[in-house]
Amino acid sequence: MRLPCPICGDRDRREFYYQGAAVALSRPAPDADAAAWEDYVHLRENQPGDLDELWSHDAGCGAWLVVTRNTVTHAVSGAKLASEATR
Amino acid sequence: MGFDRLTKGFSGLRVLKEGLTGNKGWTPHWRDPAPKPEYDIIIIGGGGHGLATAHYLASQHGITNVAVLEKGYLGGGNVGRNTTIVRANYMLPGNSEFYSHSLKLWEGLEQDLNYNVMHSQRGIINLFHSDGQRDGFARRGNQMIAQGDDAILLDRAGVQRELPYLDFDQTRFPIYGGLYHKRGGTARHDAVAWGFARSADSRGVDLIQQCEVTGIDIENGAVRGVQTTRGPIRAKKVGMVVAGRSSQVAAMAGMRLPIESHILQAFVTEGLKPCIDHVITYGMGHFYISQSDKGGLVFGGDLDMYSSYASRGNLPTAEHVVEAAMTLMPVIGKARMLRSWGGIMDMTPDGSPVIDRTHIDGLYVNCGWCYGGFKATPASGHTFAHLLATDTPHPVAKALRLDRFRTGRGILDEEASGSQHNLH
Ligand SMILES: Cc1cc2nc3c(=O)[nH]c(=O)nc-3n(C[C@H](O)[C@H](O)[C@H](O)COP(=O)(O)OP(=O)(O)OC[C@H]3O[C@@H](n4cnc5c(N)ncnc54)[C@H](O)[C@@H]3O)c2cc1C
Ligand SMILES: [Zn+2]
């Protein structure tokens, strides 16, 4: 599996650290209720198919990426810098 | 309901009789029934846990108007893909009594099912490689003894006596000792599925294969039945027992679960003469190994570490596992690897499972087994059947609650790494 880093190009999966579904981009407000925090920390859609996920290019440029990857075929259909991803 | 062991069940006498009469008396293990319009209880998922639930519903609670709906074939999921380790070496209250209960059920399982599941208590040795790790394992061993199970702390010489073929002085992780759990071991995974299936079927449970659940019918907050590829089926109660596909099935009831599905790989070599007598785990290298009764060395390691619904893994993890194998026991380099495969794991944030009701009346959930649900198969079925039959949690499973992730009370984090996805 290779991931297309917008800065470094196609790179081997071994260079990346996986953080999971890209929920960190919509962190609840500090005073949000327990349900909102459960949702954010624990509950996941986790359906087969396309998933937006956070990967860090640890052994490369160090950028955090939002990668759209199919969880059935592992095919990657897009990657952008997390800093540029809109909510 | 006992078997007539000479004419129907399995026994030495029966093998002798069939051997002498041309083996013409063997019959299929279970029927192939068409779904009825309605059941008291529907179990979604014909893996180990679903089939065990059906067995205990029938044998312990006398509830036999039950269907197990399986989208593929019985035992085609994780129950037939795992590396078959059975142990009771958990530490936290909530987990420890559950797995302790499970190991006791394993010890009587073959008699209970009248089926040879090849349960082999060959002993498990968890290696450690530092003073800190030794302290951790000593504590775990004490907890295991306190819960009524067995544990022996081996020093380096003790491990050398049991496992002389390991490389004890590897530069990175020299072996200091091991925690030896003698009642731990392995079982033949397929036979476990078949044994539970045969028993449930013989008691009247309908095992329906090639029947995928595609919807869950809910009216006024109560479950009414399911939609399937073989038509709608009504039921008073429905249990979801679908391991790696738990989120997919729960979504049919509008639920989101604290689960990410990940891929775990396993590997097997060509058959060899007996050489590895125990189960060995090498946590520092993410590697564990045992030898199957056919002679193949069966081994595995860590998750591939990304969400996946593909029942196959990628090369980086395979390479990592093989490197760890070569580090721990260079002798394995002589063996030829035959096959590798993967299974879809239902990973929870705290690494522990869920056996509970849902907020929908009559809908129950059994999930979150991570990479350790095979050893749990008897207790999972036993306690889930209890919950379905009586609507109260079984005492040894009452900590396995779904709401612990919302309230934060009773999080069951064995590794103390935090209740967060991708840490277990
Ligand atoms: C490589 C590997 C190694 C492992 N090693 C160990 C080990 O050494 N020790 C240990 O304790 N555990 C181990 N495990 C974990 C263990 O195998 C699982 O936790 C356990 O088998 C899960 O429960 P199950 O048997 O019911 O799951 P499964 O056998 O996966 O059963 C779930 C069933 O549900 C069916 N299903 C899914 N969706 C639907 C639907 N919509 N309709 C109808 N049916 C559906 C599936 O087809 C499947 O048959 C390992 C797992 C893997 C993959
Ligand atoms: Zn990069």
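## A sheet in chain B

Tyr282(B) stands opposite Phe287(B), a residue of strand 14 of chain B. That's a handy place to start exploring this predicted model.

Strand 13 and strand 14 of chain B make a hairpin, with four residues between them. In the turn sits His286(B), which has a positive phi of about 55°.

Zoom out, and you'll find an open sheet of eight strands in chain B, with mixed pairing and the order 5-6-4-13-14-15-12-16. At its edges are strand 5 (152–155) and strand 16 (337–347) of chain B, each pairing on one side only. From one strand to the next, the twist averages 20°. Helix 4 (residues 131–146) of chain B packs on the sheet and touches strand 4 (124–128), strand 5 and strand 6 of chain B. The direction of helix 4 makes about 150° with that of strand 4 of chain B.

Here are some of the strand pairs:

| Strands (chain B) | Sense | Bridges |
|---|---|---|
| strand 5 and strand 6 | antiparallel | four bridges |
| strand 4 and strand 13 | parallel | three bridges |
| strand 13 and strand 14 | antiparallel | three bridges |

Within these pairs, Leu154(B) stands opposite Gly178(B) in strand 6 of chain B, and Asn126(B) stands opposite Thr281(B) in strand 13 of chain B.

Now for the two sides of a strand. In a regular strand, side chains alternate between the two faces of the sheet. Strand 13 (residues 279–282) of chain B is covered on both faces: Val279(B) and Thr281(B) are buried on one side, Ile280(B) and Tyr282(B) on the other.

Notes. Residues numbered from 1 in each chain as written. Chains lettered and ligands numbered in written order. Predicted model: local features only at pLDDT ≥ 70, side-chain atom pairs only at ≥ 80, totals over all residues. Heavy atoms only, no water. Pairing = 2+ DSSP bridges. Helix = DSSP H or I, 4+ residues; strand = E, 2+ residues; numbered from the N terminus. Axes fitted to C-alpha atoms, helices over the stretch in contact; angles between N-to-C directions. Contact = heavy atoms within 4.5 Å. Buried < 20%, exposed > 50% of the residue type's maximum accessible area, 1.4 Å probe, protein only.
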